Amino acid sequence: MKRKGSRRGNLNSNTKRQRQSCSIMVKGTLANHLTMQLDQVSLNLPIQSANNSRFQKLIDSEARSDNLPLDFDVDAADDKDFILSQDFFCTPDYITPEIPAMPNNLDWNKENIPCPKSPEKIKTIRSKRQKLDVTLEAALESTDSRHQLLVDLAKDPLGTNEIKTEKTAELQKQHSYVSQSAVALRCRVMPPPCLRNPYLKDASEFDADPFDNQRSRCAGFNLAGIGGDGLSRYRTDFHEIEKIGNGNFSHVFKVLKRIDGCMYAVKHSMRQLHQDTERRKALMEVQSLAALGYHENIVGYFSSWFENEQLYIQMELCDHSLSINKLPNLLTEGEALDAMHQIAKALQFIHGRGIAHLDLKPDNIYVKNGVYKLGDFGCATLINKSLPVEEGDARYMPQEILNENYDNLDKVDIFSLGASIYELVRGSPLPESGSHFLNLREGKLALLPGHSLQFQNLIKVMMDADPVRRPSAKDLVENPIFDRHQRSGKNK
Ligand SMILES: Nc1ncnc2c1ncn2[C@@H]1O[C@H](COP(=O)(O)OP(=O)(O)OP(=O)(O)O)[C@@H](O)[C@H]1O
Ligand SMILES: [Mg+2]
């Protein structure tokens, strides 16, 4: 839906000021000014004939005598509907150059000359003003096409006519000055496109999304985000405290949000995402997090944006991850059961919403105040295979997904959770290849000395070679082993 400019509506509230300026204008103007302005008024306003006749009287009286009474006031006229558009007197701001070029021949030293006598000063001001006017005109003339572009954009703020986008690109190449103005203008008049979130169950409601379809070419323009002009949302909104994590693709920082004084984790991609396809892929992480909403065992998501062609994600700050390289000690069976139960609840929640994580591993399980949280949704996809599948870290992946069998994507997460817990209680990193790697995928696990048989059997069934035999997340959450563990914990 195109939005119509509300310029005139806003100006109605300025009527009084405009009337005053009209009054000043009328005092010193000639009849031909009024004629010209009258033309504009008839263009800008649904002017009533009464107004026209009142103006006509004004012109006539001016023609009779160039001297109107000094206290002439338009308010005195009994015409309540008399409204002058601001455009009547002012240059519309969309054709005002950002930095009007200054005249080369302007004598700046003149400013240092002692204050001239009154008549001379008036002359100086006039001559300067004339020079500036000439310069402005020249600037506008030399950028005729820019003017046309800006007018086009103002008329078509949603950018439904994609020729404008091409014009912008073409002009950006020609004049960097023009490109900055056009970019600034575009940001002002055209918000970024609305992207469809494929992780939302009712996403089909948005299938006919007018923004995404009509403005597909504009999407890249907007998704590139801020940053190139030195404005940084990250720096403006957050105070960076320290780096708290590095993944294969991202840096994660602990930050203080300036406006609310709270700590958050902000993750941003390591490299710039130049291609639109790369950006859209990166967006899948925030789209899945946003679609999921709040769950105690999923890292909280707050906001995201593109800056300098990198995706920034503001998240709940956790204390640390379960990365085997950073843990001071092996997990005890009790701790392992706590972690397994809580992450199983997170899986039950996301699988219930049709989403599979596909990169579950200790590095992506965070701990906050003793609560385990699933994070890093960079590989999240839909269980119904309607989105591309990109599996995560191979050490935690079952054989079927490595064979590109995507029939039971929810069970991939169950295997990965079993493998993660197995690694955490054994204390040695899982292999990336070789016979041990293959053995694990055939259900041949080493015994876990000191651990209950039930616990070992549970891990074994979670890592079964056949995905169908693995328990669902719901089965896992309801396994009696967790009840017994919680009861024994309370009795201690
Ligand atoms: N919200 C958070 N709170 C605390 N630490 C975090 C948070 N998010 C990430 N980290 C830390 O940063 C590390 C890297 O984050 P993350 O796994 O999201 O990045 P990535 O590049 O997507 O990783 P991967 O290599 O697994 O794909 C995590 O292992 C964790 O240690
Ligand atoms: Mg990670």
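1. A word on terms to begin: helices and strands here are DSSP runs, a helix having at least four residues and a strand at least two, numbered from the N terminus. Please keep in mind that this is a predicted model.

2. A friendly place to start is helix H12, which covers residues 276-292. At 1.5 Å a residue, its 17 residues should span 24 Å, and the C-alpha atoms at its ends are 24 Å apart, so expectation and model agree. Just after the helix comes Gly-293, with a positive phi of about 75 degrees.

3. Next, have a look at the open sheet of three strands, ordered E6-E8-E9 and paired in antiparallel fashion. Strands E6 (320-321) and E9 (371-374) stand at the edges; each has a single partner strand, so one side of each is left without a neighbour in the sheet. E6 is joined to strand E8 (residues 365-368) by two bridges. His-320 has Val-367 in E8 as its bridge partner. Helix H13, residues 333-352, lies across E8 and E9 and runs at about 40 degrees to E9.

4. Which residues come nearest to ligand 1? Out of 23 residues around ligand 1, these are Gly-245, Gly-247, Asn-248, Ser-250 and Ala-265. Strands E1 (238-246), E2 (250-257) and E3 (263-269) each supply at least two residues of the shell. E1 gives the most, with three residues.

5. Asn-308 is not a glycine, yet has a positive phi of about 50 degrees. Asn-308 sits in the loop between strand E4 (301-307) and strand E5 (310-315). Is Asn-308 buried, exposed or partly exposed? A residue is buried with 20 or more other C-beta atoms within 10 Å of its own and exposed with 12 or fewer. Asn-308 has 15 within 10 Å, so this residue is partly exposed.

6. Glu-404 lies in the loop between helix H14 (399-402) and helix H15 (409-426). Glu-404 has 8 C-beta neighbours inside 10 Å and therefore counts as exposed.

Methods: Residues numbered from 1 in each chain as written. Chains lettered and ligands numbered in written order. Predicted model: local features only at pLDDT ≥ 70, side-chain atom pairs only at ≥ 80, totals over all residues. Expected span 1.5 Å × (residues − 1). Pairing = 2+ DSSP bridges. Contact = placed C-beta atoms within 7 Å. Axes fitted to C-alpha atoms, helices over the stretch in contact; angles between N-to-C directions. Near = placed C-beta within 6 Å.
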